[in-house]
Amino acid sequence: MDPGVELLGRSDLEALQLERLRRTVRRAARSPFYGARARQYGIDGERIKSLEDIRKLPFTTKQDLRDAYPYGFLCVERQHLVRLHISSGTTGQATAVFYTQRDIDRWADLMARCLYMTGARPGDTFQNLSGYGLFTGGLGFHYGAERLGLLTIPAGAGNSKRQIQLMRDFATTVIHIIPSFALRLMDVMTEMGVDPRRDLQLKIACMGAEPYSEEVRCRVEAFFGVEVYNSYGLSEMNGPGVAFECPARNGLHIWEDAYLVEIVDPATLEPVPDGMLGELVLTTLDREGMPLLRYRTKDLTRILPGDCPCGRVHRRLDRIQGRSDDMFIIKGVNIFPVQVEQVLMSIPEVGSNYRIVLDRENNIDTMTVQVEVTDRIFVEDMRHLQRIQNKITRELKSELLVTPRVELVEPQSLPRNDGKAVRLVDHRNPYNT
Ligand code: ADP
Ligand code: ZN
């Protein structure tokens with residue numbers, strides 16, 4: 001733990017933020033992108049007298065990063081860089097993020113702080129079941145875990161049987177895993193007759209990188225016998241380690257010494273009051289290679305009002321609902337994939353994977369939800385399957401106010417990959433109305 005920073009009083013924390021914000025604005029102007037903006041808008045660190053003055057600065061968007069690819073945001077000479085990561089490009093063209101040695105060290109500090117907060121300590125074995133390589137979830141967690149002094153297994157994503165073997169051989173106690181892989185691992189363990197509560201030593205699971213519902217957390221906790229901690233980050237802000245759950249597990253503390261937080265209405269871009277849903281906008285406060293000012297994350301969340309029982313002053317974000325890009329509109333209703341998941345995962349007969357397929361037939365939008373059922377169910381009789389299908393349809397309708405077509409499919413039959421899950425397939429052709 002870093003009590004000097006984590007337990008600072010609010011006014012001391014804000015004073016630190018202001019000092020760092022001014023330094024960041026001054027530094028950012030060295031990059032071609034912000035240099036041009038500074039000339040255009042007359043922005044410099046001296047004009048930042050209070051944290052609210054950040055609103056005088058324009059936003060930075062993913063498109064700006066794409067347009068300036070690859071080096072337009074760099075504030076240091078290339079010889080000072082030691083690493084780059086590329087966003088996996090879940091949505092559109094990739095973008096690059098660069099780190100100096102100091103940036104890597106500060107990032108590792110933040111990750112170590114997150115892991116410590118969950119209760120991980122030297123003596124624990126940490127297995128990182130996240131993709132390595134260009135994706136930040138691998139090396140980000142890896143360096144943080146080593147910084148904290150955990151025995152770190154760089155297991156990488158996929159290869160379920162090998163993962164289970166590693167967990168057994170080295171008595172893994174802490175894991176980092178994305179939710180869709182955790183659900184898959186449950187299937188494989190069940191198939192192999194492995195009961196993690198009996199056969200493994202797991203106690204903590206850090207889970208994030210994609211949205212998931214409380215129902216998925218409950219399933220993972222019950223099956224693995226662990227406490228699940230929500231982990232949030234994005235490549236543009238280093239990667240994981242931006243916001244993380246504490247033992248109260250009621251919202252994610254966002255590290256305000258490293259990131260300045262705003263929540264804005266995505267339509268008007270005006271700030272919304274605490275407690276209201278909006279788009280998360282972040283400014284890096286402690287990065288030298290590639291600072292970003294008012295970056296629009298597209299992620300929708302809210303600030304949870306009130307203090308956290310753990311005593312940390314850093315404010316808490318509510319579970320991320322999804323990116324505004326993930327939202328789809330069907331028959332005039334706005335829906336996030338995670339709302340569908342929430343309904344499905346509360347039904348015991350539903351297995352570990354699902355997919356939403358949108359299409360258009362005779363100019364009418366259709367929504368089909370393909371649902372894997374549990375092994376046990378699939379072999380049972382047709383009448384029983386029909387009842388389950390009706391139940392899922394009814395519950396989805398009452399949550400979403402749209403009646404989907406529900407297709408039950410065999411366990412492990414929907415396509416999977418080792419990275420983030422693809423929950424939505426949209427076959428509608430926008431030009432074919
Ligand atoms: P890409 O943008 O290519 O997916 P990133 O690794 O940068 O690559 O992904 C970051 C995004 O992943 C975030 O902006 C957010 O949408 C999503 N994300 C990360 N952690 C969480 C989480 N705990 N809950 C929900 N969404 C998350
Ligand atoms: Zn807390």
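Me: What is the strand order in the open sheet of nine strands?

Reply: In this predicted model, the order is S4-S3-S5-S6-S7-S8-S9-S14-S13, and the pairing is mixed.

Me: What makes S4 (151-153) and S13 (303-304) edge strands of that sheet?

Reply: Each of the two, S4 and S13, pairs on one side only. They also stand at the two ends of the written order.

Me: Why do S7 (residues 227-234) and S8 (residues 239-245) count as paired?

Reply: Pairing requires at least two bridges between the strands. S7 and S8 share three bridges and run in the antiparallel sense, so by that cut-off they are a pair. In one of the bridges, Ser231 has Phe244 of S8 as its partner.

Me: Which strands make up the open sheet of four strands, and in what sense do they pair?

Reply: Its order is S10-S11-S12-S15, with antiparallel pairing. S10 (259-264) and S15 are at the edges; each has a single partner strand, so one side of each lacks a neighbour in the sheet.

Me: What makes S10 and S11 (residues 278-284) a pair?

Reply: The two strands run antiparallel and are joined by six bridges. The rule asks for at least two, so the pair qualifies. Val261 has Leu282 in S11 as its bridge partner.

Me: Where is the protein chain divided into domains?

Reply: Domain 1 covers 1-324 and domain 2 covers 328-432. Their centres, taken over C-alpha atoms, are separated by 30 Å. The contact between them takes 22 residues from domain 1 and 20 residues from domain 2.

Me: How much area do domain 1 and domain 2 bury between them?

Reply: The figure is about 1,800 Å², with 52% of it on carbon and sulfur atoms.

Me: Why is the contact of Asp187 with Arg416 called a salt bridge?

Reply: The closest N and O atoms are 3.5 Å apart.

Me: Which elements each supply at least two residues of the side of domain 1 that touches domain 2?

Reply: They are helix H8 (179-192), helix H10 (214-224) and strand S15 (322-323). H8 gives the most, with five residues. By class, this side of domain 1 has nine nonpolar, six polar and seven charged residues.

Me: How many salt bridges does a search of the whole structure find?

Reply: It finds 35. One of the salt bridges joins Lys62 and Glu236, with the closest N and O atoms 2.7 Å apart. Lys62 belongs to helix H4 (residues 62-67) and Glu236 to the loop between S7 and S8, so the pair ties together parts that are 174 residues apart in sequence.

Me: What makes the peptide bond from Tyr69 to Pro70 cis?

Reply: Its omega is near -5°. Most peptide bonds are trans. Pro70 lies in the loop between H4 and strand S1 (81-86).

Terms used: Residues numbered from 1 in each chain as written. Chains lettered and ligands numbered in written order. Predicted model: local features only at pLDDT ≥ 70, side-chain atom pairs only at ≥ 80, totals over all residues. Heavy atoms only, no water. Domains from an automatic or database assignment. Contact = heavy atoms within 4.5 Å. Buried area = accessible area lost by both parts, 1.4 Å probe. Salt bridge = Lys/Arg side-chain N within 4 Å of Asp/Glu carboxyl O. Nonpolar A, V, L, I, M, F, W, Y, C, P; charged D, E, K, R; others polar.
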